Amino acid sequence: MTDTLAEMPEATRAVAVLTGGGDAQGMNAALRSVSRMAISCGCRVYGIRDGFYGLHRLAKTDRPLDETNGHRSIVDKMKWDYMSWAIRDGGSALGTIRCDEIIDNRPLQEDIVRKLTSDCHSDSPGPYGLGADSLVVIGGNGSISGAHALSLVAQDLAKREELTRPLSVVAIPASIDNDVPDTEISIGVDSALNVIVESIDKLVDTTSAVNRAIVVETMGKKCGYLAVFASLASGAAEVFCRERRISRERFSELLSDLDREYASERRTAVIVVAEGGKQKRGFVADTVKDFRTRPDDEAIRWDVRESVLGHLQRGGPTSAFDRILASRMGARAVELLSRRDAAVTPRMVQLQDGEINFVSLDHVVQKIKNGETAVSGDVLLGRANLVRELSSLPAEDLDDDCGRIVVLTGGADAQGMNMAIRAAARYALNKYRVETIGSKNSFTGLIEKDLRPLPWSEVGKSKMRQRRAGSVLGTERWPLRFEPDQKRQILETLKELNERDRLRGLVLIGGLGTALRAQELRDYLAEHDLRIRIVYVPASIDHGLPATHATLGFDTALNVVVSSCDKITDTSQAMKRVSIVDTMGGGVGALTLMGALAAGAECAIIAEDLDPSRDGVHTKTSLEEATGRLKDLRDDISRPDHRFATVLLQHRQFLELDLARLHGRADEIFGSLEARRTALGQTQLHSQAGEVFGSLEVRKTALGYTQRGGNASYWDRLLGTLMGVEAVKAIMDDSPIDEPKALLVRLKGDRVEAMDLAEALQNIGGGKPWSEATRMENAKICWRYGEMKELFRKISVFREPSVGSGSDSPHTTDTEIAEEGE
């Protein structure tokens, strides 16, 4: 694992990297990205074990840094495959231990900087150094502050000409609490929220069986982000956090309120409390005990229990989002450090509006000192109030003057649809006293008048249903255009609803076909002077919809792909196999390429990389290009220590005949000795190929409809909730409506907002007539195809770098750095 540092060439640049503070899922993915990007630039990379405690040991040791002498080594030489397996794991492969002794200890800080930068071959007396000119620190507020302190010391020593070389410092935010300012989200937050939501799912399963309320405690002493957003995603009854503290009186009042809702078929209730939301330790248990000892005439009908999740929130597999975010941030950090001029201004990598940029460490640390976090207290308080609005029992009488809202799901199903239905129905009831009507089986319900009300108990009595994939209303695929009779029947149904119930609008949840039909329906209603609002909520696992940075279902499907690839890679490595994994994705390669990036796969073959023909289906040309990609992969994995690979293939881009031919060619390329392949229980024999490359076997797995099933991820549940609420707000807008309106609810950066649907659809073709090709081009922008492709190319498979030249490293100009720091 560790080479002798003194044997490394003097000409190469060196990067030191460490993880500090509390561990967070995704740290290993960030380490992998930093290491591989730096190695591809021809740099040496050294991992500092045990975080800032390792830096303390580094400064105090009098032995060569890689000598263990019976003890844990201080420094690891990071090789290409060092972090290959750890990309999926929580924690940190290098370890992370806090070290308060470094804080405000200027002499120790100077010793650390000198040891980091001093040359391995120094003739001066004393211990060896790393010869590093760059330091990457991955961690939370404490680690970022520590990185800032070391950067100030390095700058001061450089001015006094006491350093062998200048030291550039870049920080990468990693904290499950999401309390690091100047970034929308930190590494680890998404994984921790998935753990919390999945834990609440399990608690709901048991509590609903025995009519029990459960108080769930999450982490978050200084920031209630985890508690608030986990509550929104899990359908909790109430949430308390630092920004919205709980008292014994308020807790007792809440339990009494829930007891009154018992008669409305509420059989379980989840109350989420963050560490920082409690008045004093043990008060929850004391309040629960008080309720249990009440006289029979005052006792509630709930059995109340408490569950502390604790450090479970830091463990488990890293989510696909965190793996990709960590990879993007790590790569950008190395891009900044690749500049060959004087030490760059110390900066932190940030996520803003979906883009990876930089911000001054001085600016970030000042905000940390001021107690600022990624999300303001007012925003968290507003979201906490929304939790109660969506869970509390509405008034018994409805306001007939406010009208009714119809909701339906169309096209292929996507995870998160049920949460959008729940949020729309409950928010309309609680906020506007308006009932929502569900259309069964998409537009068929409007045509056949198969409609049913969605009362509060219907959309909330089964939390198991709301978290599942599919649609409780049913959904169907439709042609891109309605038949004339179908439009007439839909108009007739809507006019009847309007005359009887004062129809306010439609909420249509689905894919691109649903969006096109929403606009067509709007134009048809305008011809017949029916003035309502139609709001479209994008839901598609393909991520191929216009003007939005996220669609319902994509995150869950991506996690299914990644977790499946994790299992496939385990057996591929053991059996020395090349595994070809077929994924969905329609005409858009987001699911395949991002799945390959998050799973650590070696190759991805997607639609955007191939020449289209015949309505987006690729034939002979793409077959030849895909074969060439496999031959390139054969050369890339020819090292004796890496004789296996995982290839993700976008299934739809090949006709079935060509797909079979491609698998046959894969056998020839990799030298399969067996003539079989597996695809979800079906086995197809094909010709035995000769040995071209060793004895690697080729196996084929089609993930199929597993990508549409299972429980929705935290993000899809949250996005469904926020989009459902925004859809109702758009319909209930008090502004006068002179003609029918069609709106799109989209995610832009970290904001959910409504925009004109016609404008969004026009952007698909850039003003040109709509087609599959123009849709793919538009989708490339939404899912950042260019960035993802380049990142995957650089960190997927090993290629011998041009040592010391850094020729493969993109350089960031002074102007770009200045602009990103604004």
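This is a predicted model: local features need pLDDT of at least 70, side-chain atom pairs count only at pLDDT 80 or more; totals for chains, interfaces and linings use all residues.
**Exercise 1. A second residue of α18**

Task: State where Asp-555 lies, and how far apart Asp-555 and Phe-321 are in sequence and in space.

Solution: 
1. Asp-555 is in helix α18, which covers residues 554–575.
2. With 6% relative accessibility, Asp-555 counts as buried.
3. Between Asp-555 and Phe-321 the sequence separation is 234 residues, and the C-alpha to C-alpha distance is 7.6 Å.

**Exercise 2. Two further salt bridges**

Task: Of the 37 salt bridges in the structure, take Asp-156 with Arg-106 and Arg-793 with Glu-790. Where does each pair lie in the chain?

Solution: 
1. The side chains of Asp-156 and Arg-106 meet at 2.4 Å, N to O. This pair links distant parts of the chain, with Asp-156 in helix α4 (residues 141–159) and Arg-106 in helix α3, 50 residues apart.
2. Both ends count as partly exposed: Asp-156 at 27% relative accessibility and Arg-106 at 33%.
3. Asp-156 and Arg-106 are part of a network of salt bridges, which also includes Glu-110, Asp-111, Arg-114, Arg-160 and Glu-162.
4. For Arg-793 and Glu-790 the N to O distance is 2.8 Å. These residues are three apart in helix α25 (residues 785–795), so about one helical turn separates them.
5. Arg-793 is partly exposed at 36%, and Glu-790 is partly exposed at 36%.

**Exercise 3. Helix α17**

Task: Compare the span of α17 with the expected value, and decide how far the helix is enclosed.

Solution: 
1. α17 runs over residues 512–527, which makes 16 residues.
2. Its C-alpha span from first to last is 23 Å, close to the 22 Å expected at 1.5 Å a residue.
3. Because 13 of its 16 residues are buried, α17 is largely enclosed by the rest of the structure.
4. Just after α17, Asp-529 has a positive phi of about 55 degrees.

Methods:
Residues are numbered from 1 along each chain as its sequence is written. Side-chain values use heavy atoms; hydrogens and water are left out. Helices (H or I, at least four residues) and strands (E, at least two) are DSSP runs, numbered from the N terminus. The expected span of a helix is 1.5 Å times one less than its number of residues. Buried means under 20% relative accessible area, exposed over 50%, partly exposed in between (1.4 Å probe, protein chains only). A salt bridge is a side-chain nitrogen of Lys or Arg within 4 Å of a carboxyl oxygen of Asp or Glu.
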